Amino acid sequence: MSARTIDIKTTAALTLLLLAGLMVRLALAPQTAHPDTLAVRSWMESSVKLGLARSYREQVSTAWLPNYPPLAIAVLEGSGYLYKWIVSPSYVIVEPAHLVFAKLPAIAADLVIGTLLFFIVTRLRSKAAGLLAAAIYLFHPAVLFDSTVWGQTDALYVVFLLPAALAYCSKRPVLGMVLALVSCLVKVQALMLLPVFLFLLPLNANVLLKIFNRCLAILIIVVVPFVLAGTLTQLVHVYVIHDVLRESHAMWQAYNIWLILLWPEGWQTPGTTTFFGVITYDQASYLLFAALSAMTLWRFRKRLRGNLAKPENIEALFYVLSFLSLLVFMIGTEMHERYLFPFVVFGLPLAFRHRRYAVLYACVSFCFFLNLLGASLLELINTSFLQSYRYLPIWIAAAQMFALVFYSIDVMKGLDRQKEKI
């Protein structure tokens, strides 16, 4: 995907934005540690001391075994070796350095995503808009909270999905599909957007053969260490047991349609519960997502299979990715609050194309931030506060459902509108 010529002044401004984003993250990273972060730290330490494949069978601490795909743990292992090289050659836990290094991969991913968004929005709009887009992402409250304060790893798989989309826009489907596969080897949630990248593949036997060979090579490289270590079963369980839509409840901490429909018992309602004696909540969410995804891809087939270097087709691609990110979060069972993260990335370029998407993006972003706060800080909120604002999650879920409805209207229209000045 070609971009506008970037001058020295713009480059300097982007560099300052990235440095400021990094400084804010380094200041926030040592301040807090969530129980999930403790597990991430243990995975990092265990992968260094025991080896990546073996760490799926045992840990050096009492943390649970990794339930993330191998490339996520490999990235943490790399950060662990960096910690060992810079801070402690014998890997002694030194605080707060160890906590910061556990969060470092997500912080680095944020900086890369911010840079890529700058180039995307510059291509679609202008250099000034590109700088604003980078600033919005780098200082987005939900992004800062998810990656830096909470220490989650959602940015780690999106940092591969975003360049995968750009590769397709640059007419490089082989690279795009490889990056999409890598994202699925970083976090299971990437599987929900994989059909988009499969749909974009050209019907060319030579290209498809290249993609197959490269993807097979990557899978073999990833799987062989687990075969040798005797932990292949544990690796398979990550995808079979801990997949995105199957654990035990219809809802976890996500403010989505299941929160509204099952209030207030949704936390205790299994996703395997049958309604109308015909279908379970899990099955209903699968079928609805599959049907709406197929309809969306078919509705935009001409743009998605057209010249993706054109701004209107790039816009359509990011529309589909952002819509499906919001859709799976709002209708999927077993959703955690963090699973809306891809929308923050894929929805941002649209905010610079249409006024209504700027408003929708701001609304959903604000709701996402409140959802993250509500889920992660729940144990810190006193009972009187919960009684006073106990219906707030329902209002947040309702607001995001309205956003989903507006997106769905444009699915029916095929996004057939002129670019608006914002």
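How far apart are the mean positions of the positive and negative charges of the protein? The mean positions of the 33 positive and 21 negative charges are 13 Å apart, where Lys and Arg count as positive and Asp and Glu as negative, with His and the chain ends not counted. Each charge is placed at NZ of Lys, CZ of Arg, CG of Asp or CD of Glu.

The model is predicted, so that local features need pLDDT of at least 70 and side-chain atom pairs count only at pLDDT 80 or more, while totals for chains, interfaces and linings use all residues. Residues are numbered from 1 along each chain as its sequence is written, and side-chain values use heavy atoms, with hydrogens and water left out.

The C-alpha trace spans about 60 × 55 × 45 Å along the principal axes of the protein. Of the 422 residues, 53% are buried (under 20% relative accessible area, 1.4 Å probe, protein chains only). Among contacts (heavy atoms within 4.5 Å) with a separation of 6 or more, 74% are accounted for by residues 24 or more positions apart.

The structure contains 0 disulfides, a disulfide being a pair of cysteine sulfur atoms within 2.5 Å. Cysteine 169 is in no disulfide, and the nearest cysteine sulfur, that of cysteine 184, lies 18 Å away. Because its relative accessibility is 1%, cysteine 169 counts as buried. Cysteine 367 is likewise in no disulfide, the nearest cysteine sulfur being that of cysteine 363, 4.3 Å away. Cysteine 367 is also buried, with a relative accessible area of 6%.

Technical notes: Buried means under 20% relative accessible area, exposed over 50%, partly exposed in between (1.4 Å probe, protein chains only).
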